[in-house]
Amino acid sequence: MFEEQTVFENQSLSGALDGGGITELRSPVVLGAGPVGRALVSRLGARGLTPVLVTRSGTTVAGARSSAVDVTDAGALAAALQGADAVFHCAAKVEEWGDPADFHRINVEGTERVLRAAREAGAGRFVHVST
């Protein structure tokens with residue numbers, strides 16, 4: 001369902017959004033409120049969109065509607081992504097130290113759940129941001 005594309009490589013966030021068909025979006029969902037997620041919410045807002053920001057803690061960011069959902073909760077993800085035409089997955093466990101099982105559960109299994117929920121929601125675009 002999703003065509004693999006490299007949109008953000010060697011581009012600024014603004015340039016990637018301008019060249020990536022962002023003006024066609026109506027109901028974007030952004031997962032993660034770190035620096036990239038916040039910048040993305042800001043850029044989407046500047047284009048007249050009000051994204052849903054999905055974070056584990058329900059963090060609020062100006063210009064977005066917030067939803068508290070853990071990426072390990074498949075049912076809550078499915079509900080949060082309903083109606084999304086694009087999903088920008090910027091959420092991850094990024095601490096320097098921690099239990100490797102937690103990193104795998106959140107970063108690998110969580111991403112699989114987000115991708116599955118996006119597909120089931122009928123989102124036409126899925127952008128995964130990772131280092």
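1. Helices (H or I, at least four residues) and strands (E, at least two) are DSSP runs, numbered from the N terminus. Thr111, to which this note returns, is found in helix 4. The model is predicted: local features need pLDDT of at least 70, side-chain atom pairs count only at pLDDT 80 or more, and totals for chains, interfaces and linings use all residues. Residues are numbered from 1 along each chain as its sequence is written, and side-chain values use heavy atoms, with hydrogens and water left out.

2. Helix 4 covers residues 100-121, and its end C-alpha atoms are 30 Å apart. This agrees with the 32 Å that its 22 residues should span at 1.5 Å a residue, the expected span being 1.5 Å times one less than the number of residues. The helix bends by about 35° at Gly110; the bend is the angle between axes fitted to the seven residues ending at a residue and the seven starting there.

3. Just after the helix, Gly122 takes a positive phi of about 85°.

4. The buried residues of helix 4 include Phe103, Ile106, Gly110 and Val114; buried means under 20% relative accessible area, exposed over 50%, and partly exposed in between (1.4 Å probe, protein chains only). The buried residues of this helix pack against strand 1 (28-31), helix 3 (74-81), strand 4 (86-89) and strand 5 (125-128).

5. Is Thr111 buried or exposed? Thr111 counts as buried because its relative accessibility is 14%. Its side chain reaches the backbone oxygen of Asn107 at 2.7 Å. Leaving aside residues up to four places away in sequence, Thr111 touches His89, Ile106 and His128, where contact means heavy atoms within 4.5 Å.

6. A salt bridge is a side-chain nitrogen of Lys or Arg within 4 Å of a carboxyl oxygen of Asp or Glu, and by this rule the count comes to 2. One of them joins Arg105 to Asp102, with the closest N and O atoms 3.3 Å apart. Both residues lie in helix 4, 3 residues apart, about one turn of the helix. Arg105 is partly exposed at 32% relative accessible area, and Asp102 is likewise partly exposed at 28%.

7. Glu95 forms a salt bridge with Lys93, the closest N and O atoms being 3.0 Å apart. Glu95 is partly exposed, because its relative accessible area is 44%.

Technical notes:
A polar contact is a pair of N or O atoms within 3.5 Å; within protein, one must be able to donate a hydrogen and the other to accept it, and residues adjacent in sequence count only if both atoms are side-chain atoms.
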